[in-house]
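Visitor: I am new to this structure. Please show me how to read its helix packing.
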Amino acid sequence: NHPVSESTENGTRSVVNNLSSEIPLNLDHGDPRMFESYWKKVGDRCKFTIEGHESLSYFANPKNLCWFLEPKLEEEIKKLHKMVGNVKVEEEDQFIIVGNGSSQLIQAAFYALSPLDDSNPINVVSAAPYYSCYPEMAGLLKSGLYKWGGDAHSFNDKEEPFIEMVTSPNNPSGVIREPVVNGGGAKGKVIYDLAYYWPQYTPITAKLDHDLMLFTVSKCTGHAGSRIGWAIVKDKEVAKRMIKFMEISTIGVAKESQLRAAKLLGVISDSCSNVWSPNLESFFEYGHLVLKERWEKLREVVKKNPLLSLQKYPLQYCHFFGDFSESHPAFAWMNCKNGSKDLEKILRGNKILVRGGRQFGTDPNYVRISMVCKEEEFNLFLQRLSAIKEISD
Ligand code: PMP
């Protein structure tokens, strides 16, 4: 979600919601304000101080391949993955690279996976409905190295190299995904965007062990404003090229943000172990419960409206919670049962701003709605959605 570019493109879209009955409610961005209530309860446990004489150097760890990665952040990332069990953490042959959000790392990965010797830009593809920022990220600079190649489903028969973005759970639809392009063999490179592979959103069913995996604090802890993402990369040459991209674009990542992220991840890990007092629940349990409740309320409202429908999710065993659960994604992927409607337009007419299916490479009768907004915004959304009695555009 690029709040800035979207708000300038369309001046009517404020990113801060005013809950007055006259003003449209913006659920277009996945701005994770939902988590603020948990962090308020955490209180002082997240505080830390940086003195004026600290963190001046460009370098965080000159001995590490990723020399701008704070050792404390690397340690907390590994600790959290081990505890959650969503990724196989290796001590060797695995490189962690920090970025200014996973957005920057996506571009670093495009650069690193593009062939050096090919005169034509490599196609970046993703199965529709895909994350709406991929086309912009791949196309913005009109690079000679890579370009947006569209829906991965339509790339199947081509005998060309490609990069496939696999978003799992998917943004916008919340489903667990695998690559869809066959026949590429060695010519295909896959980037796993695992921004939402955390227990509050989806059952943790396996320890993933892919060549290139991306995560972000934005969706894990909800601290999108800190702009911290990380890549876990197996191939040293790919890791080196991603680091090169980071050096050329921003000479690394702010230490203040990295140290804050390290603190937050540490607090999450502590909240899940028995270190904490019983009156503060584990972060993931909290996120899971809030989202579960929101999804139940939304499904109730949608059930009463014969024209609307929501994506369904299978019941799966979550190794982290030790129980069966459905997914409760950060976005609702809703559609109009009568396939010829423009649902984004209809909701806009009812003062609910969402992102329409076309932006995700699919039909306009689908929309994506943020489920991670603040409580009062979510309640207002349900109220406005319940009031829609007729679907006409
Ligand atoms: N990938 C996916 C699938 C996302 O939804 C987002 C944020 N909306 C990002 C990457 C980028 O996240 P950030 O740059 O905030 O880390």
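Guide: Start with handedness. A crossing is left-handed if the near helix is turned anticlockwise from the far one by less than a right angle. Note that this model is predicted. Here, helix 3 and helix 8 make a left-handed crossing.

Visitor: How is a pair of packed helices described?

Guide: Two packed helices are described by the angle between their axes and the distance between the axes. Take helix 3 (residues 71–84) and helix 8 (residues 255–272): their axes come within 9 Å and cross at roughly 30°. Angles under 35 degrees count as roughly parallel, so helix 3 and helix 8 are roughly parallel to each other.

Visitor: Which residues in helix 3 and helix 8 meet?

Guide: Helix 3 brings residues including Leu-73, Ile-77 and Leu-80. Among those they meet in helix 8 are Leu-259, Ala-262 and Leu-265. The residues of this contact divide into 10 nonpolar, three polar and three charged.

Visitor: At what angle do the axes of helix 4 and helix 7 cross?

Guide: They cross at roughly 125°, and the axes come within 8 Å. Helix 4 is therefore oblique to helix 7. The crossing is right-handed.

Visitor: How many residues does the largest nonpolar core have?

Guide: That core has 99 residues, and Ile-97, Ala-109 and Met-242 are among those with the most contacts inside it. Helix 4 (residues 101–113) gives the most to this core, with seven residues. Beyond its sequence neighbours, Ile-97 is in contact with residues including Leu-105, Trp-230 and Met-242.

Key
Residues are numbered from 1 along each chain as its sequence is written. This is a predicted model: local features need pLDDT of at least 70, side-chain atom pairs count only at pLDDT 80 or more; totals for chains, interfaces and linings use all residues. A nonpolar core is a set of buried Ala, Val, Leu, Ile, Met, Phe, Trp, Tyr and Cys residues joined through C-beta atoms within 7 Å. A residue is buried if 20 or more other C-beta atoms lie within 10 Å of its own, exposed if 12 or fewer, and partly exposed in between; C-beta atoms are placed from the backbone. Helices (H or I, at least four residues) and strands (E, at least two) are DSSP runs, numbered from the N terminus. Two residues are in contact if their C-beta atoms, placed from the backbone, lie within 7 Å. Axes are lines fitted to C-alpha atoms, for helices over the stretch in contact, and angles run from 0 to 180 degrees between N-to-C directions. Angles under 35 degrees count as roughly parallel, over 145 as roughly antiparallel, 65 to 115 as roughly perpendicular and the rest as oblique. Ala, Val, Leu, Ile, Met, Phe, Trp, Tyr, Cys and Pro count as nonpolar, Asp, Glu, Lys and Arg as charged, and the others, Gly among them, as polar. Lists of a residue's contacts leave out its neighbours within four places in sequence.
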